[in-house]
Amino acid sequence: MEEMELQLKLALSSNLDEGFDLNDHNEEQEYDRLMKKKRCFDETFEEIKNVQVPRTLPLLDHIDLCEEEDGVVGWPPINSWRKKICHHYHHNSRRGCTTPTNYVTVKNGCGGGSRSNSMYVKVKMEGVGIARKVDLSRHHSYQTLIDTLMAMFANEKVQGYKLAYQDKEGDWLLAGDMPWG
Amino acid sequence: MQTDPNPKKSKDSPSNSDSTESTQSASPFPDDVLGKVLSFLNSDKDRSSVSLVCKDWYNAERWTRTKLFIGNCYSVSPEIVATRFPKITSVTLKGKPRFSDFNLVPQNWGADVHYWLVMFAKVYPFLEELRLKRMTVSDESLEILATAFPGFRALSLMSCDGFSTDGLKSVATHCRNLTELDIQDTDIDDFNGGWLSCFPENFGSLEVLNFASLDSEVNFDALERLVSRCKSLRVLKVNKSITLDQLQRLLLRAPQLMELGTGSFQQELLPGQFGDLESAFSNCKNLRTLSGLWEVTSVYLPVLYAACTSLTFLNLSYAALRSVEFGNLIAYCPNLRRLWVLDTVEDKGLEAVGSSCPLLEELRVFPADPFDQQLHRGVTELGFVAVSRGCSKLHYVLYFCWQMTNAAVATIVQNCPNFTHFRLCIMNPGRPDYLTNEPMDEAFGAVVKTCTKLQRLSVSGLLTDLTFEYIGKHAKNLETLSVAFAGSSDLGMQCVLEGCPKLRKLEIRDCPFGNAALLSGLEKYEKMRSLWMSSCNVTITACQQLAREMPRLNVEVMKDKESDDSQADKVYVYRSVAGPRRDAPPFVLTL
């Protein structure tokens, strides 16, 4: 069974005001080159920022598909202890994605190379320590996904959130622009 | 102790194995002199040779062996061991095949130490040391360990699973003479750090304490008191929960440390604290090994500089340093013999290694971002070449990268012909030489032709059978070979099996080697520790044939859920005097 791990992130609009680019969690030069190719988050959410809705915080989904090439189990050959560190390192200091896929979290005795149908997405909210996981394959529309996420983060103030994500090309898209699938 | 290659012969001089019973001593006890001499032998290889000379020597050897090394726990049984060796005080046991590190072996596969411990409790009450690698260890087993052996001193668990911090509580509570508690690369149920507080207040014998793999917070006061009491403490590796100012206090208590694993190296320090930390480090005059440094920020690296001059082993593989800050640090480490880093240091960082560490013997470069499909940052062939230019004593390398060329590898081995361990992982499976687009055959050809002392080789990139022809032809000292996504036909594997006389471990995955290749090694496998083949082209029928013709081999097959009935998806073959496993789970077919 494979788990494709995506990572979602919630950020505050105040960060947006400072020209916060979700990708740029650090000052690394190499990222600048790449980031310039992407539509800045600010541009995408221009219309939202201008809307006079107090305390409206966009729900930013920073999805970075971390599927391995051909779904290869156990490659590159790094042991699970070290994978945890990679994951931790990215989680804290890089763009917050690139979670190692399937086998870090598969502890169900599978070890085999077959694919599963689940698509787990890790959702992180800035300021909240604990991430939640949601299985995208169980959802058939953005609405059900949003409802589920709302319920998961029921403890936090999630009113007025909009869903946005970054696709493989690095473009920011609003959920609902593209059909689900 | 030196091993004596020519032990004095006993008065019953060893004769050939055909000598009759009457010329040999009938006593089950060894000749005193022979026994005394043999007690100096430490090497297992020497002891094996000695035991084959004649019955007297076999007996003398078995009565004087105190250290037991079992490289594959299923190659022998606890009963056989207990019968043969009555005086064991130290045991090393290794369990699962190495590819279990990469999740290729399902959970509950086996290698449980429990039954071994039950036997040891019966026959080796004086057991002092237990070192386990890739074994499953339950809390119950740790309880037995803690209570059945009054003289128990050293526990080392590497890449083990199955226990929790409750098991550690037992060890801390009951092992009055513990000198070593070393837990590495281990993923366990970490309920809380309370286990550390279970060491009694009058307990002070620890020399080695490594709990870096554990996550939860320990009681710092208990730790500080423990460290103060253990005057012989030479190795201390703490976990991430220990902060910088706590580390400083620990260093004040244990300036005699030789090996230090720091906790988290990220904290807001007041200027005074910075100076305290710096002087704490410079007070550690015996520091040879440094690791940990989680989340280190470059601001705090300078506190290490004073301690760096005497360092021989620096493990930065948890610290995502970049080339400039790393370069600054490494300039202070002229005596390094071993260096582990993350590839965030990039080629520039490796150039700094080449110019700062002329005595370097071992380099391991781990990927910070192994699943990054887009950017492929990290190190390239240039970094490796740079190190080889500056470090001619280099003989052990583990290198993860995204690109390599045949020419670069040829240059590297020309600069460093003494490689004993060459492990190159080009992270894109089947990637050719990125400049010429040719297979990487010539690279590994250069390695095996030039590095005559090569013991361990891991290959990667686009490889044809030619690579394996080279290996079979030239790698005469090769003991361990790891192959993935390589080769063109059965011929490749056959060349290796026919050509490498010292081969002990062969692990293969995702290669086009099939039945003919498997069966060509029929007689070879008994001379090896084990063979692993997964996702190749081997059928169950061929495995059955292997099992039939070689009764002293255990041939085990695991199937993937979706493959068809005839495929042997995962094959594990190993020699054994204990017969087929009795504890095989249902998904392991023993043929």
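## Confidence in chain A

Chain A has a mean pLDDT of 49, with 8% of its residues at 70 or more. The model described here is predicted, and the confidence values therefore bear on how it is read: where pLDDT is low, the predicted coordinates should not be read in detail. Among the elements of chain A, the highest mean pLDDT, 69, belongs to helix 5 (residues 80-93), and the lowest, 29, to strand 2 (residues 59-61).

Two stretches of chain A fall below 50. One covers residues 1-70, which have 186 contacts in the model beyond near neighbours in sequence. The other covers residues 93-118, where the pLDDT stays under 50 and the model has 98 contacts beyond four places in sequence.

## Confidence in chain B and in the complex

Chain B has an average pLDDT of 92, and 95% of the residues score at least 70. Residues 1-23 of chain B have a pLDDT below 50; this stretch has 31 contacts in the model beyond near neighbours in sequence. For the complex, the predictor gives an ipTM of 0.86 and a pTM of 0.77.

## A helix pair in chain B

Two packed helices are described by the angle between their axes and the distance between the axes. In chain B, helix 14 (residues 381-390) packs with helix 15 (residues 406-415) at an angle of about 15 degrees, and their axes are 8 Å apart. Angles under 35 degrees count as roughly parallel, and helix 14 and helix 15 of chain B are therefore roughly parallel to each other.

The crossing of helix 14 of chain B past helix 15 of chain B is left-handed. Helix 14 of chain B contributes B:Glu381, B:Phe384, B:Val385, B:Ser388 and B:Arg389 to the contact, while helix 15 of chain B contributes B:Ala408, B:Thr411, B:Ile412 and B:Asn415. By class, the residues of this contact are 4 nonpolar, 3 polar and 2 charged.

## Salt bridges

Over all chains, the structure holds 26 salt bridges. One of them joins the side chains of B:Asp44 and B:Arg65, at 3.9 Å from N to O. The pair links distant parts of the chain, 21 residues apart: B:Asp44 lies in helix 2 (residues 44-51) of chain B, and B:Arg65 in the loop between helix 3 (55-64) and strand 1 (67-70) of chain B.

## Backbone features

Most residues other than glycine have a negative phi, and most peptide bonds are trans. In chain A, the peptide bond from A:Trp75 to A:Pro76 is cis, with omega near -5 degrees. A:Pro76 is placed in the loop between strand 2 and helix 5 of chain A.

In chain B, B:Glu295 is a residue other than glycine with a positive phi, near 55 degrees. B:Glu295 lies in the loop between strand 9 (289-291) and helix 11 (305-308) of chain B.

Conventions. Residues are numbered from 1 along each chain as its sequence is written. Chains are lettered from A and ligands numbered from 1 in the order in which they are written. This is a predicted model: local features need pLDDT of at least 70, side-chain atom pairs count only at pLDDT 80 or more; totals for chains, interfaces and linings use all residues. Side-chain values use heavy atoms; hydrogens and water are left out. Axes are lines fitted to C-alpha atoms, for helices over the stretch in contact, and angles run from 0 to 180 degrees between N-to-C directions. Helices (H or I, at least four residues) and strands (E, at least two) are DSSP runs, numbered from the N terminus. Angles under 35 degrees count as roughly parallel, over 145 as roughly antiparallel, 65 to 115 as roughly perpendicular and the rest as oblique. A crossing is left-handed if the near helix is turned anticlockwise from the far one by less than a right angle, and right-handed if clockwise. Contact means heavy atoms within 4.5 Å. Ala, Val, Leu, Ile, Met, Phe, Trp, Tyr, Cys and Pro count as nonpolar, Asp, Glu, Lys and Arg as charged, and the others, Gly among them, as polar. pLDDT is the predictor's confidence in each residue, from 0 to 100. A salt bridge is a side-chain nitrogen of Lys or Arg within 4 Å of a carboxyl oxygen of Asp or Glu.
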